[in-house]
Amino acid sequence: MGPTQKPNVCRQLSRRALGFFSRDAGVVQRTNLGILRALVCQESTKFKNVWTTHSKSPIAYERGRIYFDNYRCCVSSVASEPRKLYEMPKCSKSEKIEDALLWECPVGEILPNPSDYKSSLIALTAHNWLFRISATTGKVLEKIYLASYCKFRYLSWDTPQEVIAVKSAQNKCSALARQAGIQQPVLLYLAVFHVLPFSLIGILEINKKIFGNVTDATLSHGILIVMYSSGLVRLYSFQAIIEQFMQQKLDLGCACRWGGTAGTVGEAPFGIPCNIKITDSPPLLFEVSSLENAFQIGGHPWHYIITPNKKKQKGVFHICALKDNSLNENLFTVTASGRVVKKNVNLLDDDPEQETFKIVDYEDELDLLSVVAVTQIDAEGKAHLDFHCNEYGTLLKSIPLVESWDVTYSHEVYFDRDLVLHIEQKPSRVFSCYVYQMVCDPGEEETTNRSCEKE
């Protein structure tokens, strides 16, 4: 089956205005995205570098917002020039935001406050506070003091937009302790919360006496994932661990007595005690060996992705069925965002001597595969972002990036509807951000059918 007839944008806009899709919001949304896809891919559409900025601190991007100065300053990427949404007051190094997640309003839930229906930034500070910050004003809406017995450093979604996991830095033995033969049994802590309103699930310790010589651990979709230096990855049910090993249920804002100390849960200086301590090996759900512990799980039915545990296999991914470990022989690419994209290798094959693929990702709203390809010309590299039809692999659009591309630097590229954003980290912690926006130049639309778009 080949490409279908390209949709007429004017016809779709007319049908939408006449209410043809009014009974189904999903149809309206898909129609709008189909129109946007057609505009993105037509020949007369260009992506123009509208502004560039540089910073001495990391730059982050999330849903049309660019964050500077450790999330203290937020700039809208929608305007044709930087438009500051807010700037929080200056703070000490010990109070800076170290990690953050964007929370967006859930559908169909009754929330206690009007402000809860607007997007929020969930932020972790260097001095162990967890903040919920208005994504439009920078105002702190909620705050929780975590603990003083460890240093929390990382935020991640356990269940996207519903449950967060806050991971501590790993405990390291001092040289004197090692010389004295003193071992540090607790590797790290995981604090787990439901979001909006914040409610505590518990704080779990990862103990080497229980898990052995573990090197890292994380939570994902209710699964505790434990990793070892050998490449072994083990999976446990977090719910089963809660039911078996939670010492006491704790509620934020309530009085508590723990270990001879009294205080309010989630308030300084008491914080939140570690109330989930595993005293025996929990039931093992699954284990597998993978190079550098590379492991992802998902899909329906359940599949997992690993790299065979041999150095020569680096860059190779195996997709296996969870129920019987059978290898899926179909060809897949795993994108930077963790999505699995089936593709035709003959249509997306690079030539290392001429150009190489550096970043491959999938824009799910427009159903486009985006590929950053870099050509090395003497000492300077030039990059272009290509959009491919996800269904057929057809090249629909190529966008040249005006800035040079040094392959030794760290790069992130985001394609978000009508926006392309390139964040580059140079040596000596110099960060650059290049923003491109879609511009529809006057002129006739392309007459050749290079698309596989469907109405």
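Trainee: In what sense do strand E3 and E4 pair, and over how many bridges?

Mentor: Strands of a sheet pair through backbone hydrogen bonds, either parallel or antiparallel. Here, strand E3 (residues 65-68) and E4 run antiparallel, held by four bridges. Strands are DSSP runs of E with at least two residues, helices are runs of H or I with at least four, and the numbering starts at the N terminus. Two strands count as paired if DSSP finds at least two bridges between them. Before going on: this is a predicted model, where local features need pLDDT of at least 70 and side-chain atom pairs count only at pLDDT 80 or more, while totals for chains, interfaces and linings use all residues. Residues are numbered from 1 along each chain as its sequence is written, and side-chain values use heavy atoms, leaving out hydrogens and water.

Trainee: Which residue is the bridge partner of Ile66 in E4, and what lies between E3 and E4?

Mentor: Ile66 is partnered by Val75. Four residues separate E3 from E4 in a hairpin, and Asp69 in that turn has a positive phi of about 55°. On the other pairing, E4 meets strand E5 (residues 83-87) in the antiparallel sense, again over four bridges. Cys74 has Tyr86 of E5 as its bridge partner, and the hairpin from E4 to E5 passes through six residues.

Trainee: Which way do the side chains of strand E4 point, and are they buried or exposed?

Mentor: In a regular strand the side chains alternate between the two faces of the sheet. In strand E4 (residues 73-76), Cys73 and Val75 point one way, Cys74 and Ser76 point the other way, and all are buried. Buried means under 20% relative accessible area, exposed means over 50%, and partly exposed is in between (1.4 Å probe, protein chains only).

Trainee: In what order do the four strands from E14 to E19 form their open sheet?

Mentor: The order is E14-E15-E16-E19, with antiparallel pairing. Strand E14 (214-220) and strand E19 (284-289) are at the edges with a single partner strand each, so one side of each has no neighbour in the sheet. From one strand to the next the twist averages 20°. That angle comes from axes, which are lines fitted to C-alpha atoms (for helices over the stretch in contact), with angles from 0 to 180 degrees between N-to-C directions. Zooming in, five bridges join strand E16 (residues 232-237) to E19, and Leu232 has Ser289 in E19 as its bridge partner.

Trainee: What does helix H5 lie across?

Mentor: Helix H5 (residues 238-245) lies across E14, strand E15 (223-228) and E16, at about 60° to E16. Contact here means heavy atoms within 4.5 Å.

Trainee: What residues does the UniProt annotation "transmembrane region" cover?

Mentor: The unreviewed UniProt entry puts it on residues 186-206 and 218-236. UniProt positions follow the numbering used here, feature names are shortened, and annotations may be inferred rather than shown by experiment. In the model, residues 186-206 are 0% helix and 81% strand, with end C-alpha atoms 6 Å apart. Residues 218-236 come out at 0% helix and 74% strand, and their end C-alpha atoms lie 11 Å apart.

Trainee: How many salt bridges does the count come to?

Mentor: Side chains of opposite charge can pair when their charged atoms come close. The rule asks for a side-chain nitrogen of Lys or Arg within 4 Å of a carboxyl oxygen of Asp or Glu, and the count comes to 13. One of them links Glu287 and Arg234, whose closest N and O atoms are 2.9 Å apart. Glu287 sits in strand E19 and Arg234 in strand E16, 53 residues apart. Both are partly exposed, Glu287 at 39% and Arg234 at 25%.

Trainee: Which residue forms a salt bridge with Arg417?

Mentor: Glu365 does, with the closest N and O atoms 2.7 Å apart. Arg417 is in the loop between strand E29 (410-416) and strand E30 (419-426), and Glu365 in the loop between strand E25 (355-363) and strand E26 (368-377), so the pair ties together parts 52 residues apart in sequence.

Trainee: Is Glu424 buried or exposed?

Mentor: Glu424 counts as buried at 2% relative accessibility, while Lys426, its salt-bridge partner at 3.8 Å (N to O), is partly exposed at 25%. Elsewhere, salt bridges with shared partners join Asp69, Arg72, Lys84 and Glu87 into one network.
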